[in-house]
Amino acid sequence: MYRYRFVLSRPLQFLPVIFGISVITFILVRLIPGDPARNILGTRATPTALANIRAQYGLDQPIWLQYFYFLKNLANGEMGKSILYKIDVLKLISTRIEPTVALVIASVILSILIAVPMAAIAARNNGRAADHIVRIVSTFGIGFPPFWLGLMLIILFSVDLGLLPVSGYGETLGDKLLHLILPSLTIALSLSTVLTRSLRAAMIESLKSDVATAARARGMPESIVFWRHVVPNSLVPTINLLAVNIGWLIGGTVVVESVFALPGMGQLLVRAIFSRDYMVVQGVAMVFACATVLINFLADIVTVAADPRVTI
């Protein structure tokens, strides 16, 4: 159990990271051009009305005092009140978190389902035509931006073929899963290219390992050697790579949710930025940051559990 001692100390190391993210987020949000009060009241608002709105949301206070109140609210489990939606930010985020979580999980599952077979084909045919095709496809896939890929999928599967819905989230479970296919596929096609390249390299290395050589010496067929010994040993670096790309994955949900009008936290963040809703931007950014840190922490635990040789 000594390999899991980092579970006790790692959360303490996350505190400075979260604090730094909160400072950067708070400052960057304040650098967004525009005045939230004028955005609410319009261009013809009187100076008195503008002053009342700024006082109501604490926007007339010095920036260091605003940040102090922000930290105080976080310590109390609050994130302030939305200027645009007029409700508590935490309550607002809770109504938008389900589509984003579902999109991330579906995207990760699809990415793995795409990456593992492609990497296996490339590794087992190292240096042959199939390997070159997989490498070319993965290289081109990295260059496709998610918003463009999403629009192409909409045109193909929704407009031309009429198989899948264009946008929205649906009401029933089956309807929600149907609406998630195109957004999750958009992210998965981009993420799987990175995973495929990493997993292919790990599989090729594992094929040359002593474990695979010993299995062959015992008379095991090559297919059993590959799937029983090579693939499990190759998944550990892929787990770490997937954890590193979680930040990119969360950023991808912001773009994809806007393209497919998915009512998640990404779409909420975009609208809050354009409306200068400081509290919502800070709240969503902090949730994304905490989620990224937590997922990396869980990835470390899975890595240690999957490979007894690893110590963190």
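1. M152 is a residue of helix α7, and in this predicted model M152 counts as partly exposed because its relative accessibility is 34%, a value that falls between the 20% limit for buried residues and the 50% limit for exposed ones.

2. M152 also belongs to a nonpolar patch on the surface, which is formed by I136, F140, F144, F147, W148, L151, M152, I155, V159 and V255 and which has about 920 Å² of accessible area together. Helices α6 (129-142) and α7 (146-160) each supply at least two residues of this nonpolar patch, and the largest share, six residues, comes from α7.

3. L50, for its part, is found in helix α3, which covers residues 47-56. L50 is classed as buried because its relative accessible area is 4%, and the cut-off for that class is under 20%. Although L50 and A106 are 56 residues apart along the chain, their C-alpha atoms are separated by 44 Å.

4. Turning to the pockets, the largest pocket has a volume of about 560 Å³. The lining of this largest pocket is made up of 27 residues, and those that lie nearest its centre are V104, V108, L242, I246 and I295. The elements that give two or more residues to this lining are α5 (89-124), α8 (173-207), α10 (222-244), α11 (246-259) and α13 (278-306), and of these α5 gives the most, with nine residues.

5. What is the make-up, by class, of the lining of the largest pocket? This lining has 24 nonpolar residues and three polar ones, and no charged residues are found in it.

6. The second largest pocket has a volume of about 210 Å³, and its lining consists of I21, G247, I250, G251, V254, L269, A285, F288, A289, T292 and V293. Helices α11 and α13 are the elements that give two or more residues to the lining of this second largest pocket, with α13 giving the most, namely five residues.

7. When the residues that line the second largest pocket are divided by class, eight are nonpolar and three are polar, while none is charged. A colleague comparing the two pockets may wish to note that α11 and α13 are listed among the contributors to the lining of the largest pocket, and that α11 and α13 are also named for the second largest pocket.

Notes:
Residues are numbered from 1 along each chain as its sequence is written. This is a predicted model: local features need pLDDT of at least 70, side-chain atom pairs count only at pLDDT 80 or more; totals for chains, interfaces and linings use all residues. Side-chain values use heavy atoms; hydrogens and water are left out. On a 1 Å grid over the protein atoms alone, a cavity is a set of points where a 1.4 Å probe fits but cannot get out, and a pocket is an open set with protein on both sides within 12 Å along at least five of seven lines; lining residues have an atom within 4 Å of a point. Grid points are joined across faces, edges and corners, and a volume is the space filled by probe spheres set on the points. Helices (H or I, at least four residues) and strands (E, at least two) are DSSP runs, numbered from the N terminus. Ala, Val, Leu, Ile, Met, Phe, Trp, Tyr, Cys and Pro count as nonpolar, Asp, Glu, Lys and Arg as charged, and the others, Gly among them, as polar. Patches are made of residues with over 30% relative accessible area and no salt bridge: like charges are joined within 9 Å, nonpolar side chains (Val, Leu, Ile, Met, Phe, Trp, Tyr) within 5 Å. Accessible areas come from the Shrake-Rupley method with a 1.4 Å probe; for residues, only the protein chains shown count as cover. A salt bridge is a side-chain nitrogen of Lys or Arg within 4 Å of a carboxyl oxygen of Asp or Glu. Buried means under 20% relative accessible area, exposed over 50%, partly exposed in between (1.4 Å probe, protein chains only).
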